[in-house]
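Colleague: I would like to learn how to read helix packing and nonpolar cores. Can we work through a case?

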Amino acid sequence: MSDAEWAVVRDLLPVPGWLSGRGGRPEGYCHRQMIDAVRYLVDNGIKWRAMPADFPPWPRVYAFLARWRDTGLVTELHDRLREAVRAGEGRSAEPSAGVVDSQSVKADATVTFGSRAFDAGKKINGRKRHLLTDTLGLLLAVLVTPASVTDRDGARSLLPAAAGRFRRLTRVWADGGYTGHLTDWASQHLGLVLALVRRSEDVRGFQPLPRRWVVERSFAWFLRSRRLVRDY
């Protein structure tokens, strides 16, 4: 991170227990070093043991990430960053609308057969990311399933979790893969309007579709990080 980026992130970091007088051992390394190391790993797609010597030892970085993940601090930091971006755009911290879609990703040989499958439509053997973003393309919820799980079945698990966290969420845009019983189910059980944005059959070539292009751009942002191009 640049100094300007760190100045923003530092104020949004969760406060460790030892700093607030709640006990615990002080961190041995600066949080900026640790976060930079994790981002380097995701961006370059390296193995943990290939962590450059400029960063803290990889076991310490992994332990830091695992501890923050298991205690929910990674999610808390992400949510604070998203709220800050939305506030900078003049929007409410909590979204009222979102966009949902999925993306199948090839799985490495290290991914067990119990959590992978074949997506017949995309011809991909791996896992699938079900993604819900706000209208800026910022992540609200994510669900990872075997690639054979349909968009509708994935949304049945993804949308209730999102609706429980974001009380203002009332409308979600989706593509034709979410058509059918899901629209009635979302309205009856979650109070969500699932609006389908379909591609016109008489249009040839590429055409960005209203609302749907937002989540597609988010997938493109994902694929700029090498570790997310393939499922390891």
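Modeller: We take the helix pairs and then the cores of this predicted model.

Colleague: At what angle do α3 and α4 pack?

Modeller: Angles of 65 to 115 degrees count as roughly perpendicular. Helix α3 (residues 58–70) packs on helix α4 (residues 73–88) at about 75°. The two are therefore roughly perpendicular. Their axes lie 5 Å apart.

Colleague: Which residues in α3 and α4 meet?

Modeller: From α3 come Leu65, Trp68 and Arg69; from α4, Leu73, Val74 and Leu77. By class, this contact holds five nonpolar residues, one charged and no polar.

Colleague: Are α5 and α6 roughly parallel or roughly perpendicular?

Modeller: Angles under 35 degrees count as roughly parallel. Helix α5 (residues 151–165) and helix α6 (residues 181–190) pack at about 15°, axes 11 Å apart. So α5 is roughly parallel to α6. Their crossing is right-handed. In α5, Arg152, Ala155, Arg156, Leu159 and Pro160 meet His181, Leu182, Trp185 and Leu190 of α6. That contact has six nonpolar, two charged and one polar residue.

Colleague: How many residues are in the largest nonpolar core?

Modeller: In soluble globular proteins, nonpolar side chains tend to be buried together. Here the largest nonpolar core has 19 residues. Val100, Leu132, Leu169, Val172, Tyr178 and Leu192 have the most contacts inside it. β4 (139–146), α5, β5 (171–174) and α6 each give two or more residues to this core. The largest share, five residues, comes from α5. A second, separate core has 17 residues, including Met1, Leu13, Val38 and Leu77.

Colleague: What does Tyr178 touch?

Modeller: Beyond four places away in sequence, its contacts include Val100, Asp151, Arg152 and Ala155.

Conventions. Residues are numbered from 1 along each chain as its sequence is written. This is a predicted model: local features need pLDDT of at least 70, side-chain atom pairs count only at pLDDT 80 or more; totals for chains, interfaces and linings use all residues. Side-chain values use heavy atoms; hydrogens and water are left out. Axes are lines fitted to C-alpha atoms, for helices over the stretch in contact, and angles run from 0 to 180 degrees between N-to-C directions. Helices (H or I, at least four residues) and strands (E, at least two) are DSSP runs, numbered from the N terminus. Angles under 35 degrees count as roughly parallel, over 145 as roughly antiparallel, 65 to 115 as roughly perpendicular and the rest as oblique. Contact means heavy atoms within 4.5 Å. Ala, Val, Leu, Ile, Met, Phe, Trp, Tyr, Cys and Pro count as nonpolar, Asp, Glu, Lys and Arg as charged, and the others, Gly among them, as polar. A crossing is left-handed if the near helix is turned anticlockwise from the far one by less than a right angle, and right-handed if clockwise. A nonpolar core is a set of buried Ala, Val, Leu, Ile, Met, Phe, Trp, Tyr and Cys residues joined through side-chain atoms within 4.5 Å. Buried means under 20% relative accessible area, exposed over 50%, partly exposed in between (1.4 Å probe, protein chains only).
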